[in-house]
Amino acid sequence: MAEPSTHGVPIELRKVTKAFPGGRAPAVRELDLTIAAGEIVVLVGPSGCGKTTTMRMINRLIEPTSGDILIDGRSSRDIDPDLLRRHIGYVIQQAGLFPHMTVASNIAQVPKLLGWDRRRIAERVDELLTLVGLEPATFRDAFPRRLSGGQQQRVGVARALAADPPVLLMDEPFGALDPISRQRLQDELLRLQDDLSKTIVFVTHDIDEALKLGDHIAIMQRPGHIVQYARPAEILTNPADEYVEQFLGAGSSMRLLSLTKVGDIELDQVPYAAEDADARDVLATVERDGRGYALILDGMRRPQRWVTTAHLKGREGPVGMVGDEVSGVIGRRKTLQDALEELLNADTDVVPVTGRHQAYEGALSLATVQNAIQSIKARERERRMVRLGREEGG
Ligand SMILES: Nc1ncnc2c1ncn2[C@@H]1O[C@H](COP(=O)(O)OP(=O)(O)OP(=O)(O)O)[C@@H](O)[C@H]1O
């Protein structure tokens, strides 16, 4: 039986500085960072801004020059480095697997150090392989060189999770993968994290990867400091300064589409009626509204059919089975980006939006999404003007 996994613990960096001997400026300078238990925090920034140094100070592969790092409230200085590293999984670019060892032996490194018996180790290896989407029978005895980059990286994640550490450090783990494998591993990391709730510190150069994975993102700048630490949506709508704005690059409004949920924007309201409503009443409603159609809901307010003036004219009694079946709905938790795709593929120009228990909440059309994009852009422009005004005013 699988044991329940250990959830993440909070991490706090307090005025942490690292000055390498001979370096002109410290690699990391008086860095403060509070990471909540169970969150993914992404450190993002250009080469040399101190991301890796920051991460490696957390597991004491690099010792800070000054400052303190608290893991679950305890100073890491007071924890034996070997013990500390057993509680902190570490995943690096290109997985760093031992080439002369099988996949199973690679994953079993820490459990072996911990003195687990063979059977427990074998069970854990199979459990982890399944967890990261690799069929145990096919992969456990394979050697790393026979695996694709993506498969090696999955083994790297399995190895880091072997002793069920509460904390995972991931240093550009998907940096060397092709875009499709990369996207797939990102999705799987998010799926895994839903179940595992580890505290994950993730380093990347790639702002899109950061926006996708981070609960919070720390945007770093050389030498070794954080310019903005916030949730992805906040960073997109309210970049701290020009540096962050430039780092986000063009198309940040489009990125916002992938972060904005359908339920966050103002939906269209179309006329609707219950299945047992009289066709004459529904026709009156439709004519009053002027759009020429209405949505018919069942007793649980779930969208069933579209009826038009033509369907209704000359009818009386319950609208019942009249009209065209609703071919698709969009859940309110979907992102605007997904909604846009569904709208482009839909049979009708307007698609109902549903919330809890698939009940009707409103409707979406391309025009609604376009309006939402425009108001997001307008808000961004306004913020920029306010900021410029502030800067000019000193
Ligand atoms: N062992 C070391 N000795 C001396 N200087 C170092 C050492 N490690 C890192 N540095 C310097 O510290 C600064 C920060 O490096 P770090 O690797 O943390 O940056 P990074 O943001 O992770 O960069 P990259 O994305 O290129 O990995 C750089 O100027 C680097 O040259």
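The model is predicted. Its chain is divided into domain 1, covering residues 11-249, and domain 2, covering residues 251-393. The centres of domain 1 and domain 2, taken over C-alpha atoms, are separated by 40 Å.

**Surroundings of the ligand**

- The residues around the ligand include Phe 20, Gly 23 and Ala 27.

- Strand 3 spans residues 40-44 and is mostly covered, with five of its five residues buried.
- Side chains in a regular strand alternate between the two faces of the sheet.
- In strand 3, Ile 40, Val 42 and Val 44 point one way, whereas Val 41 and Leu 43 point the other way; all are buried.
- Strand 8, residues 199-204, runs parallel to strand 3 and is joined to it by five bridges. Within this pairing, Leu 43 has Val 203 of strand 8 as its bridge partner.
- Strand 9, residues 216-221, also runs parallel to strand 3, and four bridges join the two. Here Val 44 stands opposite Ile 219 of strand 9.

**Strands 6 and 7**

- Strand 6, residues 88-92, is largely enclosed by the rest of the structure, because four of its five residues are buried.
- Strand 6 pairs with strand 7, residues 167-171, in the parallel sense over five bridges.
- Ile 92 stands opposite Asp 171 of strand 7.

- Strands of a sheet pair through backbone hydrogen bonds, in either a parallel or an antiparallel arrangement.
- Four strands form an open sheet in the order 2-1-4-5, with antiparallel pairing. Strand 2 and strand 5 (74-75) are the edge strands, each of which pairs on one side only.
- Strand 1, residues 11-18, and strand 4, residues 66-71, run antiparallel and are joined by five bridges. Glu 12 has Leu 70 as its bridge partner in strand 4.

- In soluble globular proteins, nonpolar side chains tend to be buried together.
- The largest nonpolar core of this model holds 94 residues, of which Val 42, Ile 107, Ala 158, Leu 169, Val 201, Ile 219 and Val 282 touch the most other members. Domain 1 and domain 2 each contribute at least three residues to this core.
- Leaving aside residues up to four places away in sequence, Ala 158 touches Ile 107, Leu 128, Leu 129, Leu 131 and Val 132.

**Gln 153 in helix 7**

- Gln 153 is placed in helix 7, which covers residues 149-161.
- Gln 153 is buried, because 27 other C-beta atoms lie within 10 Å and the threshold for a buried residue is 20 or more.
- Apart from residues up to four places away in sequence, Gln 153 touches Ala 95, Pro 173, Phe 174, Leu 177 and Leu 185.
- Gln 153 and Thr 285 are 132 residues apart in sequence, and their C-alpha atoms are 59 Å apart in space.

- Most residues other than glycine have a negative phi, and most peptide bonds are trans.
- The peptide bond from Arg 222 to Pro 223 is cis, with omega near -10 degrees. Pro 223 is found in the loop between strand 9 and strand 10 (225-230).
- Glu 30, a residue other than glycine, has a positive phi near 40 degrees. Glu 30 lies in strand 2, residues 28-35. With 14 C-beta neighbours inside 10 Å, Glu 30 therefore counts as partly exposed.
- Arg 301 is not a glycine either, yet its phi is positive at about 65 degrees. Arg 301 is placed in the loop between strand 12 (293-297) and strand 13 (303-308). Arg 301 is partly exposed, because 16 other C-beta atoms lie within 10 Å.

Methods: Residues numbered from 1 in each chain as written. Predicted model: local features only at pLDDT ≥ 70, side-chain atom pairs only at ≥ 80, totals over all residues. Near = placed C-beta within 6 Å. Buried ≥ 20, exposed ≤ 12 C-beta atoms within 10 Å, placed from the backbone. Pairing = 2+ DSSP bridges. Domains from an automatic or database assignment. Core = buried A, V, L, I, M, F, W, Y, C linked by C-beta atoms within 7 Å. Contact = placed C-beta atoms within 7 Å.
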